[in-house]
Each structure stands twice: as structure tokens, then as C-alpha cells.
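Q: Can you walk me through this one? I'd like to start with a helix and then get to the charged pairs.
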Amino acid sequence: MEWYQMVVLAIVQGITEFLPISSSAHLILVPHFLGWPDQGLGFDLAMHLGTLVAVLVYFRHDMVRLWHAWVESITAGRRDGEVVMAWGLLLATVPAIIFGLFLGLIGESMLRVPGVIATTSIVFGLALGWVDWRAPCTREPDQIGWRAYLAIGFAQAIALIPGASRSGMTILGARACGLNRQAAARVAFYLAIPITTAAIAFETVLLIQTPTADAWGAMAMAAVLAGISAFAAIHYFLRMLQSVGMMPFVVYRVILGIALFAIFGWNG
């Protein structure tokens, strides 16, 4: 890949990773329209590493607080909303890990086709809009129990189907469980940390098994650009969320899905 192709794809990945619009759809559309080659596994790993660092840095204070709550729940018997939240986030990660291992065994590439991505983009986009509009959501992340976190985890697991959008499905699940928009988005971002870490570990194993000639400098550039754009996406998404809601993203997803169908057809 040329350096400018890497720049564009890294920025696209960073922005779309945390917005409810599906990064996988955009990483198919951009190379298709511009005639670029596949970015490769090493490039994917670098971009995931960049987005992981971005969310860790942005929510560093929250992560430290939740870590202390989790440790104190074991060492000092602490029991409060933050402890429930810390354990709930761990519980919510389990369905996605299990589903991710299953997809890894059968091959995610079987689902990474335009027809699937277009369908999930439209269907789950409309579902996100309906839940965001209808659900009476006023609660905070430390005000829900383990059953709600498990339900959110299953919603996130569904998002491993390309096009569904991990951020979008997690926010959908969180809103359905009563969280307000800001709280639902924060939970989605918190859950990105263990899931992205697991993805990096999986991609690392694959890269070791099938080594490629990826340039370390290019991978470092991809990680930095993806991280910077992801940090900005998180920041501005949280700022605009309360005023605009999910509807702009729902409309965008429907248009994106229709465009994929128009370009690739129903069997693409």
C-alpha cells in the first residue's frame, strides 16, 4: 500500500470504530471506490492498537476508579454501584469473547461480504433509532445490575457480525436496559477496551502463524493516526450526543446500506 492509502484508512478506522456506523463497512467501501488493495492483517492490528490506546487515555480516570472498585470488592468486601459496574463490564465481555472464538473458528471472512454488511447496517441501524426514540432511559451505569450488563454483552456479541457496529449495538443494548445516552455511550467505550485487547491478541497469533513483510514504520504511523482520530471521535461524539441523539447516524447507516446494495447487489 502507498503511504497516503494508509493515512486515509487509518483515519477512517479511527473515526468509525467508536461511532455507531460500522468501521467494517467503511473499510470495504473506501478501497473499493478508490481501487486500493487489502490493508493486511498487520495493518489491522496496528489500527486496533491505536484505537485501544485512544480509549484508554480518554477514560483513564474512569478506568483507574473501576479498577480500584474491582480490587476492593475482592480484598475489602466493598459493595456499591461502582463495584457492580466493574464486575458487570467483565460479565458483559464474556458473550463477545465466546462468539468471537466461534467466528474465528468458522472464519469471519464468510460474513465479511457487502450483502451481509448492508443488511446489518440497515436493520440494526433502524433498531438503534427505534430504541433511542422509544426507551425511557435515565439511568447511570452504576444503577443497573448484572442481568442488564449481560444483556448489553449479548448485544455487543451480535455486533461481531460485520456491519452491525460494535458501538451501535452496545449503545442499543444499553439504551434498552435504561441507560441515558451519555451513559450508554460510555459503557460502549468501556467495553471496547477488553474486546479490542482480545482482537489484538487474536490478530497477533494469526500474524505469528502467517508472518508477512509489513513495514514497522507504516504500522506505527497507522497506529498513531488511528489513535488520534479515535480520540477525537470519542470526544466530539460525547459532546454532540445529548443534543442530536442517534437519528443522524441511523439515517447515515440506512443510506450506507442502500449504497452497498446498489453497488454490490443483494448477493455481493
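Q: How many residues does H11 have, and how far does it reach?
A: This is a predicted model. In it, H11 has 18 residues. From its first C-alpha to its last it reaches 26 Å, close to the 26 Å expected at 1.5 Å a residue.

Q: Which residues of H11 are buried?
A: Phe249, Val250, Arg253, Leu256, Gly257, Leu260 and Phe261.

Q: Where do they fall, seen down the axis of H11?
A: The buried residues of H11 fall within an arc of 135°, so they line one face of the helix.

Q: And what does the face turned away from the buried side carry?
A: That face of H11 carries the exposed residues Ile255 and Ala262.

Q: What do the buried residues of H11 pack against?
A: Four helices: H2 (23-34), H6 (114-134), H8 (166-176) and H10 (216-244).

Q: Let's pick one residue. Where is Val254?
A: Val254 sits in helix H11, which runs over residues 247-264.

Q: What does Val254 touch?
A: Leaving out residues up to four places away in sequence, Val254 touches Ile122 and Leu126.

Q: How far apart are Val254 and Thr120?
A: In sequence, 134 residues. In space, Val254 and Thr120 are 9.7 Å apart, C-alpha to C-alpha.

Q: What comes just after H11?
A: Gly265, which takes a positive phi of about 85°.

Q: New topic: salt bridges. How many does the structure hold?
A: Eight.

Q: Why would such side chains pair at all?
A: Side chains of opposite charge can pair when their charged atoms come close.

Q: OK, what does Arg175 form a salt bridge with?
A: Asp132. The closest N and O atoms of Arg175 and Asp132 are 3.0 Å apart.

Q: Which parts does that pair tie together?
A: Arg175 lies in helix H8 and Asp132 in helix H6, so the pair ties together parts that are 43 residues apart in sequence.

Q: Are Arg175 and Asp132 buried or exposed?
A: Both Arg175 and Asp132 are buried.

Q: What about Arg186 and Glu140?
A: Their side chains meet in a salt bridge, at 3.2 Å from N to O. This pair links distant parts of the chain, 46 residues apart. Arg186 is in helix H9 (residues 181-209). Glu140 is in the loop between H6 and helix H7 (146-158).

Q: Why does Arg186 count as partly exposed?
A: Because Arg186 has a relative accessible area of 21%, and buried means under 20%. Glu140 is partly exposed too, with 29%.

Q: Which residues are linked in a network of salt bridges?
A: Asp62, Arg65, Glu72, Arg78, Asp80 and Glu82.

Q: Is Glu82 buried or exposed?
A: Buried, because its relative accessible area is 19%.

Q: Last topic, the nonpolar surface patch. Which residues make it?
A: Leu49, Val53, Val57 and Phe231 make a patch of about 300 Å².

Q: Where does the largest share of the patch come from?
A: From helix H3 (residues 41-58), with three residues. Leu49 is found in helix H3.

Q: What does Leu49 count as, at 38% relative accessibility?
A: Leu49 counts as partly exposed.

Technical notes: Residues are numbered from 1 along each chain as its sequence is written. This is a predicted model: local features need pLDDT of at least 70, side-chain atom pairs count only at pLDDT 80 or more; totals for chains, interfaces and linings use all residues. Side-chain values use heavy atoms; hydrogens and water are left out. Helices (H or I, at least four residues) and strands (E, at least two) are DSSP runs, numbered from the N terminus. Contact means heavy atoms within 4.5 Å. Patches are made of residues with over 30% relative accessible area and no salt bridge: like charges are joined within 9 Å, nonpolar side chains (Val, Leu, Ile, Met, Phe, Trp, Tyr) within 5 Å. Accessible areas come from the Shrake-Rupley method with a 1.4 Å probe; for residues, only the protein chains shown count as cover. A salt bridge is a side-chain nitrogen of Lys or Arg within 4 Å of a carboxyl oxygen of Asp or Glu. Buried means under 20% relative accessible area, exposed over 50%, partly exposed in between (1.4 Å probe, protein chains only). The expected span of a helix is 1.5 Å times one less than its number of residues. The arc is that of the directions from the helix axis to the C-beta atoms.
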